[in-house]
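This report describes the fold, the domains, a strand arrangement and the ligand surroundings of one protein model. The sequence and structure are shown first.

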Amino acid sequence: MTTSQAAGNLCTVSALTTKKQETANSVDSEIIYLPSTDCVIKSQASLSAFTSYRVGGAAEWYVAPRNLEALQASLQYAKEQALKVTILGAGSNLLVSDRGIPGLVIATRHFRSNYFDPQTGQLTVAAGESIPSLAWEAADRGWEGLEWAVGIPGTVGGAVVMNAGAHNSCIADMLVSAQVLSAESTLETLTPDQLGYQYRSSLLQGGSRIVTQATLQLQPGADPVKVLAATKQHKQHRLSTQPYNFPSCGSVFRNPTPYTAGWLIEQTGLKGYQIGGAQVAQLHANFIVNRGGAKASDIFCLIRHIQYQVQERWSIWLEPEVKMIGEFQAANC
Ligand SMILES: Cc1cc2nc3c(=O)[nH]c(=O)nc-3n(C[C@H](O)[C@H](O)[C@H](O)COP(=O)(O)OP(=O)(O)OC[C@H]3O[C@@H](n4cnc5c(N)ncnc54)[C@H](O)[C@@H]3O)c2cc1C
């Protein structure tokens, strides 16, 4: 990619500079500075540290803007260079291919701010804020409503897109509105009705819109001791029923009503089954854990193995909840 075609108010051709850098493994990589913003676009940035599975290759190009202007500049740059854009939150529901991801990966985790409005009981929060941190902060303030979310290690943006949920609650139940940026860089405020929410699904999935902010309805005025106790109880329950001691993406498959995916996998005798460093967790069969040194391809092949085994035994094809990005080849399993 050259910088000579880049244009736009914030990322003008004349102001762009590029620099080669030596990376730890001595491979040349390139950094592009987009002036007047915090856009530092890096080439060949490893993504394994940015996903909860701790696997995956590099982003062809990577940027982590801290504000709207920088995000718009990054989008403009991708448009000018005809780069496919992939959005990354906390990477806690992603399986990134060992071959990496072509195009520009935009991480939203540096979008930070929150405002607890005591008049309305609404929490307005930027897309990069951590869900567990918000749950603890709300509990500290005696605001009820987020206790269930304490064990979900994602960002607000990822939770709005995935309709994250636990303990019979989910984001759609409490979302007042989400602010999204379209591919054309237009800001829109959307209500839950416009987002087409269903179980772990929304119209934002696979789309070109980026969540920048969300407003959630909470219930202030409770005793913080009570809310903290409920939050701790949820956390404790998760720690005792789910394997938080190894890297994972949480539940791998959607629950096919009326069954749970974990029950089907366990009844198929797959607990503990391992391919390379990837293993069906002993504690919860709908988790695949990285026991150390797993490749994305190990996890992918284990997903396929589970799907075929469960299909053979129950005539049910399990649909992944985890988002797989980049290239995966079933023929290599
Ligand atoms: C130990 C563990 C436990 C878990 N438990 C649960 C659980 O109980 N319930 C549950 O629902 N999930 C659970 N998860 C899965 C995961 O935490 C959620 O799906 C979470 O909402 C993902 O958020 P994220 O920021 O990590 O998104 P990512 O994984 O980074 O991205 C997920 C999807 O959202 C998109 N995306 C992310 N941010 C944005 C944005 N700002 N704008 C537009 N698109 C965006 C991505 O492109 C991708 O398609 C668990 C995961 C782990 C590791």
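## Overall architecture

The protein contains 7 helices and 18 strands, where helices (H or I, at least four residues) and strands (E, at least two) are DSSP runs numbered from the N terminus. The model is predicted: local features need pLDDT of at least 70, side-chain atom pairs count only at pLDDT 80 or more, and totals for chains, interfaces and linings use all residues. Residues are numbered from 1 along each chain as its sequence is written.

Along the principal axes, the C-alpha atoms fill a box of roughly 60 × 55 × 35 Å.

## Domains and annotation

The domain assignment, whose bounds come from an automatic or database source, gives domain 1 (31-107), domain 2 (114-237) and domain 3 (245-332). Between the C-alpha centres of domain 2 and domain 3 the separation is 27 Å.

An unreviewed UniProt entry lists residues 54-221 as "domain: FAD-binding PCMH-type"; its positions are given in the numbering used here, feature names are shortened, and annotations may be inferred rather than shown by experiment. Over residues 54-221 the chain is 21% helix and 31% strand, with the end C-alpha atoms 40 Å apart.

## Pairing around β12

Strand β12 (residues 175-181) runs antiparallel to β14 and is joined to it by 6 bridges; two strands pair if DSSP finds at least two bridges between them. Within this pairing, Q179 has Q213 of β14 as its bridge partner.

β12 also pairs in the antiparallel sense with strand β13 (residues 187-190), over 4 bridges. Here L181 is bridged to L187 in β13. The hairpin of β12 and β13 has 5 residues between the strands, and S185 takes a positive phi near 70°.

## Surroundings of the ligand

Which residues come nearest to the ligand? Of the 34 residues around the ligand, they are G89, G154, G157, G158 and G250; a residue is near a molecule if its C-beta atom, placed from the backbone, lies within 6 Å of it.

At least two residues of the shell are supplied by each of β5 (85-88), α3 (156-162), β10 (165-166) and β14 (210-217). The largest share, 5 residues, comes from α3. By class, the shell has 17 nonpolar, 15 polar and 2 charged residues; Ala, Val, Leu, Ile, Met, Phe, Trp, Tyr, Cys and Pro count as nonpolar, Asp, Glu, Lys and Arg as charged, and the others, Gly among them, as polar.
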